[in-house]
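Let's take a walk through this structure together. Have the sequence and the 3D view ready, then read on.

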6 protein chains.
Amino acid sequence: MLFITRRERFSSAHKLWNTSLSDEENNKIFGKCAYPNSHGHNYQIFVTVKGQINPKTGYVIDAKNLKSIIKKYIIDKTDHRNLNMDVDFLENINPTIENLLVKFWEQLEAPIKAEGCNLHKIKLIETENNYGEYYG
Amino acid sequence: MLFITRRERFSSAHKLWNTSLSDEENNKIFGKCAYPNSHGHNYQIFVTVKGQINPKTGYVIDAKNLKSIIKKYIIDKTDHRNLNMDVDFLENINPTIENLLVKFWEQLEAPIKAEGCNLHKIKLIETENNYGEYYG
Amino acid sequence: MLFITRRERFSSAHKLWNTSLSDEENNKIFGKCAYPNSHGHNYQIFVTVKGQINPKTGYVIDAKNLKSIIKKYIIDKTDHRNLNMDVDFLENINPTIENLLVKFWEQLEAPIKAEGCNLHKIKLIETENNYGEYYG
Amino acid sequence: MLFITRRERFSSAHKLWNTSLSDEENNKIFGKCAYPNSHGHNYQIFVTVKGQINPKTGYVIDAKNLKSIIKKYIIDKTDHRNLNMDVDFLENINPTIENLLVKFWEQLEAPIKAEGCNLHKIKLIETENNYGEYYG
Amino acid sequence: MLFITRRERFSSAHKLWNTSLSDEENNKIFGKCAYPNSHGHNYQIFVTVKGQINPKTGYVIDAKNLKSIIKKYIIDKTDHRNLNMDVDFLENINPTIENLLVKFWEQLEAPIKAEGCNLHKIKLIETENNYGEYYG
Amino acid sequence: MLFITRRERFSSAHKLWNTSLSDEENNKIFGKCAYPNSHGHNYQIFVTVKGQINPKTGYVIDAKNLKSIIKKYIIDKTDHRNLNMDVDFLENINPTIENLLVKFWEQLEAPIKAEGCNLHKIKLIETENNYGEYYG
């Protein structure tokens, strides 16, 4: 069993906001992360797949294909976008690292399976001091 | 003459938009950088001052003071904010790297002079592939 | 189950020295790491907690709280200090990466539990070529 | 149980090429990675060992010894070399990240065992966007 | 006057070899950098242009255009290639950092001028410990 | 004219302390940087030389020679040492970034001249947020 990881990047605006809470509660919980006009990040996503080596190619997965999957299902939908307003699969989602990881997993699991591999981990770096990891 | 540099960081939303142009022109010039609901970046600002070594302190400038100046005049106004909407000294400014550098210079020049040093350079990193520099 | 990591930094002096061994033995085992007047490092500590997403906040843990815990129990005691001489919870400890990891775990486990999460891993980077990890 | 990691680097040429396939098949599968005169990378290898802390040294493994093992069994054979042509333990191996990891494991497992530790993981970074991991 | 920098990357094989010297002299001068089957690097090129801000766009140069120029004149010719054998503008050139910088300048100067800017500096990083800079 | 830079690293203890001032004054000026038992850093030094390309070698300077000079005159004297106590050329020097840069320049200027090049700049990184530069 080997693990192959591909990094991609997207630059997005967001604010932390739970649409089922009052403005007052949101401001109390999220502080400056809830400022009304949004802030933003250069996100880095690391997608790790696991599998056996294909003896013909020497690959677990062709990195070009993994890149294409991440691009199609994550980057094209999030890059240069506002995560609270513009992304179909994030509707009504409070875009914390944690919630993004769960939603990104839902996006990537099936197309990576279709390549004959298993999605093992998603790591999402929000700033140089904060990141999260999810194993499904 | 020695040069001392302090790095600080701010996470902001922005879009590239010249308020004196039509929507059509903005979209044509700035493409995805003009998407209406903003995107964002983890900006890094590097502020370089030049001066003689003070023989008592061994400093050109006390890095704690340089940090405080950058924090007061740049970070407290831009971090977790939208650069098109929330920053007093950026009103009606299209927040390209270039325009930000010029406006940041105006913010920092006088308070650094008041410390007995001269502002030499501001470097602004927007992504790992794009940055600008300004010498006043 | 999700994993959230916060990085903090501290700049400390140390030397590798087992106080129960002779000078000769220490010098033989630790070489230049045992030089008498200490050397030092910019340490980076990555603290990973695991837990369920709180549906109200979208957080496993509020990163501000995790930062405060690391600051109170690790950084305030180690930063700008000598790890062999100045840190209450390191008395008579030889400050190798390994021993630091175990002692940092003892410092952080209870206060993170008090936040409703579990400490999962501590990673300690000493130089760009050397780091250690501990899972308790 | 603690985990200690040492990073080393090597700069090598390679191309992706399965010697049991036709030129046409190789070119189809590997594209620009199969260009005939090779390309190259600054590889980074991270070797992680696991073990108990030796109470005398405070080490799981002396990083100097771990460095020497990686140097002798990997770096001296791969650095400034062509991975398809120059490395005894890579003969007839298609030097993908995956195949390199398996072969590096075979090189390192025994000498690390001889130090009283267990090899836990090898991570190999090929570019800032691509890496693999192997646990044996 | 402002300075805008764009980073691009290419992964190439090369060896240091002066075709007008004997094998013996080449091996003596360049040591392991002259090994016959080549080694390789992940090169990073930073291209800095200088100019006035265009008041309409807020740009000195549109980074997308700068990226396209570097891609067309450098990356498409060097990436996944052997610098001693495959690059038209490097024929009979010993691909040291210094010689590459001069040849890259010749490639980039005119097309950047055609954008209404001036090429100011090229920085070429070969490894994390070695880089060169050229101002024409 | 071309510029070649070599990076080297050293891990040292230091405190900021002007031996001609009272304890009280030192503590007032330098705060936590003056704590009595020292702290420390992973320093990075970038040494830039300028010169013409030697047409035989394609080098301004052989990076191996530049590395040897930095190692002999800086690293061997500072690495794993206390900058206030152990370094011959730093006696009675308050080891701020600024003072270190001036003293490092004195160490490196002549041996680099002896290689037929000119020392152009020394950059000294103390932490990821603080560095200094000196041009002699």
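## Chains that stay apart

Chain D and chain F share no contact (heavy atoms within 4.5 Å), and their closest C-alpha atoms are 14 Å apart. Chain B and chain C aren't joined by any contact either, with 14 Å between their closest C-alpha atoms.

The model is a predicted one, where local features need pLDDT of at least 70, side-chain atom pairs count only at pLDDT 80 or more, and totals for chains, interfaces and linings use all residues. Residues are numbered from 1 along each chain as its sequence is written, chains are lettered from A and ligands numbered from 1 in the order written, and side-chain values use heavy atoms, leaving out hydrogens and water.

## A helix pair in chain B

Helix 2 (residues 63-78) and helix 3 (residues 97-113) of chain B pack with their axes 10 Å apart, at an angle of about 150°. Helices here are DSSP runs (H or I, at least four residues), numbered from the N terminus; axes are lines fitted to C-alpha atoms over the stretch in contact, and angles run from 0 to 180 degrees between N-to-C directions. Helix 2 of chain B and helix 3 of chain B are therefore roughly antiparallel (over 145 degrees).

Among the residues making the contact are Leu66(B) and Tyr73(B) of helix 2 of chain B, and Phe104(B) and Pro111(B) of helix 3 of chain B.

Conventions. Helices (H or I, at least four residues) and strands (E, at least two) are DSSP runs, numbered from the N terminus. Angles under 35 degrees count as roughly parallel, over 145 as roughly antiparallel, 65 to 115 as roughly perpendicular and the rest as oblique.
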